[in-house]
Amino acid sequence: MVLSRTASESDVSIHSTFASRYVRNSLPRFKMPENSIPKEAAYQIINDELMLDGNPRLNLASFVTTWMEPECDKLMMASINKNYVDMDEYPVTTELQNRCVNMIAHLFNAPLEDSEAAVGVGTVGSSEAIMLAGLAFKRKWQNNRKAQGKPYDKPNIVTGANVQVCWEKFARYFEVELKEVKLSEGYYVMDPVKAVEMVDENTICVAAILGSTLNGEFEDVKLLNDLLLEKNKQTGWDTPIHVDAASGGFIAPFLYPELEWDFRLPLVKSINVSGHKYGLVYAGIGWVIWRSKEDLPEELIFHINYLGADQPTFTLNFSKGSSQVIAQYYQLIRLGMEGYRNVMDNCHENAMVLKQGLEKTGRFNIVSKDHGVPLVAFSLKDNKRHNEFEVAEMLRRFGWIVPAYTMPADAQHITVLRVVIREDFSRTLAERLVLDITKVLHDLDSLPSKLAVAAQQNGKNGTVVKKTEMETQREVATYWKKFVLDRKTIKNKIC
């Protein structure tokens with residue numbers, strides 16, 4: 001099964017103007033060439049194609065870090081050929097990973113003694129971290145059910161409908177029923193009361209989100225913990241909590257240190273966080289931390305010795321680069337508590353600048369909360385003629401990549417735009433984005449609706465005749481063409 005697809009079927013060869021100095025024959029697009037080409041030509045061909053990618057700094061859809069200091073870039077390049085899993089060959093890299101695990105565990109208030117080592121592991125990202133945490137919950141639940149002589153073939157997990165797709169992957173891949181708490185208009189996170197009502201004896205854990213992908217809001221983990229403690233007391237169950245802090249794990253400790261969401265709550269047994277989001281590292285690093293050794297079943301840990309020494313491993317993959325682990329350690333010691341606090345404060349302030357700018361237009365409802373991940377989610381107050389998808393599409397003219405999407409069940413009728421504020425998104429860029437959004441709204445106001453079904457009076461009898469879809473499309477295309485030509489004429493006159 002091939003998951004990739006070709007971008008174009010019109011040309012099966014790759015042509016490059018500059019590379020023709022070295023290679024006169026075009027290269028096959030989807031097959032390996034028979035002969036080698038000069039390194040200069042290979043570089044130029046690839047570099048030419050990559051120019052058409054979007055600018056990562058203007059990709060406001062992504063939570064993933066797009067800028068790091070040059071000194072960290074150097075460290076990453078120097079370690080790019082080190083295999084992270086080869087602990088015997090690269091013991092210092094392994095030590096740096098262990099330091100990161102312990103630093104993050106202390107950041108999350110893990111109940112550790114002074115000399116006690118934290119339990120955790122570096123992963124490719126939060127998706128792998130969630131898979132590992134979920135497997136630990138499933139195995140521990142199964143072991144308890146076996147010891148009690150009860151069935152252990154129908155595990156389930158309770159989440160909100162706002163969870164990231166990796167939770168759905170975990171449920172499907174590892175045969176766990178996913179019980180979702182539906183959303184409602186104006187309330188776009190999991191309701192702790194409804195979540196606890198859905199818990200039964202087969203629930204391996206309840207997953208709370210610290211920083212919803214949809215609107216950045218923190219779920220109330222403290223209330224969930226209190227309600228679940230009471231239910232466990234009444235039923236005799238021991239249902240735990242996992243906190244998916246992919247986005248919020250490196251935000252809450254610095255912006256909201258008094259917020260209780262982590263290992264300060266007794267039912268929180270594991271937490272995942274993305275180092276490549278607000279951990280401020282390029283894509284490819286996540287972390288999962290367990291409360292104690294008892295929360296990670298020993299039988300899930302493999303021990304290997306064919307790389308030179310006995311090495312414990314608990315991952316879904318094996319080989320991977322060391323660069324991101326080293327970069328995470330750099331950020332933790334380079335910035336410290338003070339530096340991370342400054343970065344998160346600045347991100348929050350820039351989010352407020354953007355929010356206020358959008359509110360001044362009078363055209364948007366703000367869906368996100370001030371308390372949470374520094375992002376701004378917003379929707380049009382009136383989307384009868386033009387919708388959020390058209391705003392997102394037209395913003396690409398200015399280079400901005402701003403996603404538009406519908407909310408999950410039961411709030412599918414709500415469509416929002418979302419701008420994620422990262423470290424490299426400045427106040428100046430926030431103000432520029434507001435200006436460009438204002439221009440887009442002005443342009444859309446002068447265009448006919450793409451979605452409306454046009455109707456016209458039919459002369460004598462006054463009956464309304466709906467235009468065919470083709471006629472409507474032609475009318476819209478003609479209007480857009482005239483609009484573009486008129487803009488070009490105006491620009492030429494100005495020049």
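**Exercise 1. Helix α11**

Task: In this predicted model, determine which residues of α11 are buried, and examine what the end C-alpha atoms say about the span of the helix.

Solution. 
1. The buried residues of α11 are Ala430, Leu433, Val434, Asp436, Ile437, Val440, Leu441, Asp443 and Leu444.
2. Helix α11 covers residues 427-445, which is 19 residues.

**Exercise 2. Other salt bridges**

Task: State how many salt bridges the structure holds, then describe the pair Lys355 and Asp370 and the network that includes Arg422.

Solution. 
1. The structure holds 17 salt bridges.
2. In one of them, the side chains of Lys355 and Asp370 meet at 2.8 Å, N to O. This pair links distant parts of the chain, 15 residues apart: Lys355 lies in helix α9 (residues 323-361), and Asp370 in the loop between β12 (364-366) and β13 (375-380).
3. Lys355 has a relative accessible area of 16%, so it is buried, whereas Asp370, at 38%, counts as partly exposed.
4. Arg422 and Asp424 also meet through their side chains in a salt bridge, at 3.6 Å, N to O. Arg422 is buried at 4% relative accessibility, and Asp424 is buried with a relative accessible area of 9%.
5. A network of salt bridges links Arg57, Arg422 and Asp424.

**Exercise 3. Strand β15**

Task: Explain why strand β15 is described as largely enclosed, and find the strands with which β15 pairs.

Solution. 
1. Strand β15 (residues 415-420) has six residues, and six of the six are buried; the strand is therefore largely enclosed by the rest of the structure.
2. In a regular strand, side chains alternate between the two faces of the sheet. In β15, Thr415, Leu417 and Val419 point one way, Val416, Arg418 and Val420 point the other way, and all are buried.
3. β13 and β15 pair in the antiparallel sense over four bridges, and Val376 stands opposite Val419 in β15.
4. Strand β14 (residues 404-406) also pairs with β15 in the antiparallel sense, over three bridges. Here Thr406 has Thr415 of β15 as its bridge partner.

**Exercise 4. Lys277**

Task: Describe what the UniProt record places at Lys277 and the surroundings of this residue in the model.

Solution. 
1. An unreviewed UniProt entry places the feature "modified residue: N6-(pyridoxal phosphate)lysine" at Lys277.
2. Lys277 is found in the loop between β8 (268-274) and β9 (286-290).
3. With a relative accessible area of 15%, Lys277 is buried.
4. Neighbours within four places in sequence aside, Lys277 is in contact with Phe63, Val64, Thr65, Ala246 and Ser247.

**Exercise 5. Confidence**

Solution. 
1. The protein averages a pLDDT of 88, and 85% of the residues score at least 70.
2. Where pLDDT is low, the predicted coordinates should not be read in detail.

How values were computed
Residues are numbered from 1 along each chain as its sequence is written. This is a predicted model: local features need pLDDT of at least 70, side-chain atom pairs count only at pLDDT 80 or more; totals for chains, interfaces and linings use all residues. Side-chain values use heavy atoms; hydrogens and water are left out. UniProt positions are given in the numbering used here, feature names are shortened, and annotations may be inferred rather than shown by experiment. Helices (H or I, at least four residues) and strands (E, at least two) are DSSP runs, numbered from the N terminus. Buried means under 20% relative accessible area, exposed over 50%, partly exposed in between (1.4 Å probe, protein chains only). Contact means heavy atoms within 4.5 Å. The expected span of a helix is 1.5 Å times one less than its number of residues. pLDDT is the predictor's confidence in each residue, from 0 to 100. A salt bridge is a side-chain nitrogen of Lys or Arg within 4 Å of a carboxyl oxygen of Asp or Glu. Two strands pair if DSSP finds at least two bridges between them.
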